[in-house]
Amino acid sequence: MDRTQSCVKLSVKPSRGLMDEKFVVLVQNVPPGFQLTIHALHKCEEGHSWEAFAHYTANTTGTVNVSEDPSLGGTYSGVEQMGLLWSLRPVPGSKPGLRMRKVDIQTPMEVTISVYQGHQTEGFMDQVQLAGAVVERWYMAPGVRRVPITEGGLTATLFLPSGPGPFPGLLDLWGGEGKLVESRAALLASHGFASLALDYLTPKITIETGKIVDNSYFETAYRVLEQHPKVVGSRIAMMGLSLGTSMTLKMAVYSQVMKLRCAVCISGTHVQPIDGSLEEMLNFCRENAGKIRVNENQTIFRDLLLPIPTDPALKVDVGRLQCPLLLVVGDDDENWPAQESAVDMKDMMEQAGNSHLLTVLLYPKAGHLIEPPYSPHARASTFVPANSHQELVALWGGETVAHSRAQEDAWRKTLVFLREHLYGCTMTVEH
């Protein structure tokens, strides 16, 4: 074994890449039939450690190629090229309710890949590795610029792609926890879209005044994009996840200012009081709080908005929508009634004669948090709603393998959708 230990070769290529880019993990120079474990370790910004591992048996040439060879066990099984990322989970003994999120997107996510002898399942830190390598995963491609935006009272960050431009624009909204979430906007800019990440629940103006922003806040964000010299003002999209979908649909249908080229809505709903803005939506949820269920200390929000109302005053009239709409839905979403909403929106648009604008991506066994590819799946995690400040454990839903497949497929199709409607073709944007 000493000879094996001294000559094992591990390569991970590319060792530096975007978060949605695949890598190839190759182990060489081990004896044919040699049993080994490939282990991934990541320490997140909050100081928690995450790991994934898989068991392999070397082929007749003494090689294991993770993109071609099946894992025989571990945190994933079978041929899974990116399993070492999407199956990352908190190490044993970690604080419960963790969810991995990259906050500082100006630094990479660093993952240490190691090779160990035998099929191991625990105690990796106490063992001697046969080989190791560090991989960098970036949300920002080289040349992407990060520009904080405070004009017009906004709390936002604009990400500009590399190159002279101008570029199509995109307004990016996350969900009910608030904060300025920059990761997806940075990755979209890495694919050629000038993307504005917007904090609309906990912006500086709300913290200072105690007042929730109204529709004009979103229109101000749109104008900032529209008037930016690096943005093609006539080619702007909007993307929302969860509560961000509610505002995306409302502004796409009712705003006289925002003329969107297309919209992407992930795990969301059209159910909301159509009069008013964000505050009315939050009040509507508060009034229905009795429908919230708690199961084994996990909070399930999806019944808040069920059954889907028949009252037209309580749902966005998507029959009036004039731009292409992509809905991304997981059928195991335990947080929001995304599937029921998608069915109703399709019916409304068919009756109105604009269903040709609608594309629905429905993913079996996928949950609520459909994020960019290879993001580790959290079926449930600690969550602090911005409007209550009370920590709870939210049940998001999803089964890890199916959810991870959904994230990869939805992201690829979202990029194609955005290129088609913002660039006018399915052109490839170089990283």
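Trainee: How many aromatic pairs does the count come to?

Mentor: The count for this predicted model comes to 8 aromatic pairs.

Trainee: Why is the pair of Phe-53 and Phe-124 called tilted?

Mentor: Ring centres must lie within 6.5 Å. Here they are 5.2 Å apart, so the rings pair. The planes meet at 45°. Stacked needs under 30 degrees and edge-to-face over 60, so this pair is tilted.

Trainee: What makes Phe-53 and Phe-124 a tie between parts of the chain?

Mentor: Phe-53 lies in strand E5, and Phe-124 in the loop between strands E8 and E9. These parts are 71 residues apart in sequence, so the pair ties them together. Both residues are buried.

Trainee: Which residues do ring pairs link into a cluster?

Mentor: Phe-53, Tyr-116 and Phe-124. Tyr-116 and Phe-124 form a tilted pair, 5.4 Å centre to centre with 55° between the planes. Tyr-116 is buried too.

Trainee: How many salt bridges does the count come to?

Mentor: The count comes to 16 salt bridges.

Trainee: Why is Arg-146 with Glu-182 called a salt bridge?

Mentor: The cut-off is 4 Å between nitrogen and carboxyl oxygen. The closest N and O atoms are 2.9 Å apart, so the pair qualifies.

Trainee: Are Arg-146 and Glu-182 buried or partly exposed?

Mentor: Glu-182 has a relative accessible area of 7%, under 20%, so Glu-182 is buried. Arg-146 stands at 29%, between 20% and 50%, so Arg-146 is partly exposed.

Note on methods. Residues numbered from 1 in each chain as written. Predicted model: local features only at pLDDT ≥ 70, side-chain atom pairs only at ≥ 80, totals over all residues. Heavy atoms only, no water. Phe/Tyr/Trp six-rings, centres within 6.5 Å; stacked < 30°, edge-to-face > 60°. Helix = DSSP H or I, 4+ residues; strand = E, 2+ residues; numbered from the N terminus. Buried < 20%, exposed > 50% of the residue type's maximum accessible area, 1.4 Å probe, protein only. Salt bridge = Lys/Arg side-chain N within 4 Å of Asp/Glu carboxyl O.
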